[in-house]
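Keep the structure open as you read.

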Amino acid sequence: MLDSGIIQNFACNIDMAKFGYNLTFITMVRIVNANNSEKIAYKLMKISSISSVDMITGEYDLILRGYAKNQDDLYYILSKIQSIEGIDHLFTNIVIKSLGNKTVIPE
C-alpha cells in the first residue's frame, strides 16, 4: 500500500496540552483574490502554531486548524495570520472538546 500511494505517511497523535498548548482553534480565512488562495495557504503553513490548512468552497477560502498556549498567544497568532497580504477576513472558533480523529477506509 505504501508503494501504490494508498498510505501516504505515518503520523503520531500528540497531546498538545502536555506541551502547554491548551487551546485548539479553527479559523476560516477569506482571501481578497481567491486566485491567491494556494500561495497564501503555503505562507500560513509556515506559521508553527498552524497544523493544517485546507482550501474550501463557500463564503471562506481556507480553513486552518492550530494550537495556542492561551488567549494572549491566540491573539498573537491571529495577528500574524491577519498580517499576511491578501487576507480579507478571519472567523475563529475555539474547540471546547475534541472527540477524536479516525481514518476512514473506503468499503
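The points below cover the sheet, then the helices.

This is a predicted model: local features need pLDDT of at least 70, side-chain atom pairs count only at pLDDT 80 or more, and totals for chains, interfaces and linings use all residues. Residues are numbered from 1 along each chain as its sequence is written, and side-chain values use heavy atoms, without hydrogens and water.

**Sheet**
- An open sheet is built from 4 strands in the order β2-β3-β1-β4, with antiparallel pairing. Strands are DSSP runs of E, at least two residues, numbered from the N terminus; two strands pair if DSSP finds at least two bridges between them.
- β2 and β4 are the edge strands, each with a single partner, so one side of each has no neighbour in the sheet.
- From one strand to the next, the twist averages 20°. Axes are lines fitted to C-alpha atoms, for helices over the stretch in contact, and angles run from 0 to 180 degrees between N-to-C directions.
- β2 and β3 pair over 5 bridges. Val 53 has Leu 64 in β3 as its bridge partner.

**Helices on the sheet**
- α1 lies across β1, β2, β3 and β4, at about 170° to β2.
- α2 also packs on the sheet, touching β1, β2, β3 and β4, and its direction makes about 155° with that of β4. Contact means heavy atoms within 4.5 Å; helices are DSSP runs of H or I, at least four residues.
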